[in-house]
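Biologist: Please take a close look at a single part of this model. I would like one connected account, with the cut-offs stated.

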Amino acid sequence: MTTLIKNATVVTDGVIENIDVLINEDVICYIGKEATDQQPKATHDINVVDATGCFLLPGVIDDHVHFRQPGLTQKADIATESRAAAAGGVTTYFDMPNTVPQTTSVDALMQKFDIARRERQYACGQETNPRPNIRHCQHAHNDTL
């Protein structure tokens, strides 16, 4: 599927300008003037969105959330909190380790990753408690994401 967002007020790298954004198969493939000239030669329909008067902003990264899962889901959980974050423009989050059990071991981190993969609404990061096993958790993080 190809989508062309035309005439959006795009904010990138401290620059605000009216430009087009071309998205092909869920990948942004062109940002600039005259994106119509950049369209892939495709046999399928192109969804054109007229964004005149609308802002198109990069996603927000929230580096400190408390989704409380596992163990404290009476307060919050990954499914509902990530859905709320997405509605507010957050595209990536880092969940804090104060859960039950606390995310201070590789096993607890793997459990949290599994829950997040099943229940989150979009890509996420997981932060771990740096005491006492940060090296093990960093290694596990690199191996699983």
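**Helix α1 and what covers it**

Modeller: The cover over the buried residues of α1 includes β7 and α2. Contact here means heavy atoms within 4.5 Å. Buried means under 20% relative accessible area, exposed over 50%, and partly exposed in between, with a 1.4 Å probe and protein chains only. Helices (H or I, at least four residues) and strands (E, at least two) are DSSP runs, numbered from the N terminus.

The model is predicted, so local features need pLDDT of at least 70 and side-chain atom pairs count only at pLDDT 80 or more, while totals for chains, interfaces and linings use all residues. Residues are numbered from 1 along each chain as its sequence is written, and side-chain values use heavy atoms, with hydrogens and water left out.

Start with the helix itself. α1 covers residues 78–87, and its buried residues are Ile78, Ala79, Ser82 and Ala85. Seen down the axis, these fall within an arc of 135°, so they line one face of the helix. That arc is taken from the directions from the helix axis to the C-beta atoms. Ala84 and Ala87 sit on the other side of α1 and are exposed.

Now the ends. At the start of α1, a side-chain oxygen of aspartate 77 comes within 3.3 Å of the backbone nitrogen of alanine 79. After α1 comes glycine 89, with a positive phi near 95°.

Next, the two covering elements, β7 and α2. A salt bridge joins aspartate 95 and lysine 112, with the closest N and O atoms 3.4 Å apart. Aspartate 95 is in strand β7 (residues 90–95) and lysine 112 in helix α2 (residues 106–119), so the pair ties together parts 17 residues apart in sequence. The term salt bridge means a side-chain nitrogen of Lys or Arg within 4 Å of a carboxyl oxygen of Asp or Glu. Side chains of opposite charge can pair when their charged atoms come close. Both partners are buried: aspartate 95 has a relative accessible area of 0%, and lysine 112 is also at 0%.

α2 holds another such pair. Arginine 117 bridges to aspartate 114, with the closest N and O atoms 2.9 Å apart. The two are three residues apart in α2, so about one helical turn separates them. Arginine 117 is partly exposed at 40%, and aspartate 114 is partly exposed at 39%.

Technical notes. Polar contact = N/O pair within 3.5 Å; in protein donor to acceptor, adjacent residues only side chain to side chain.
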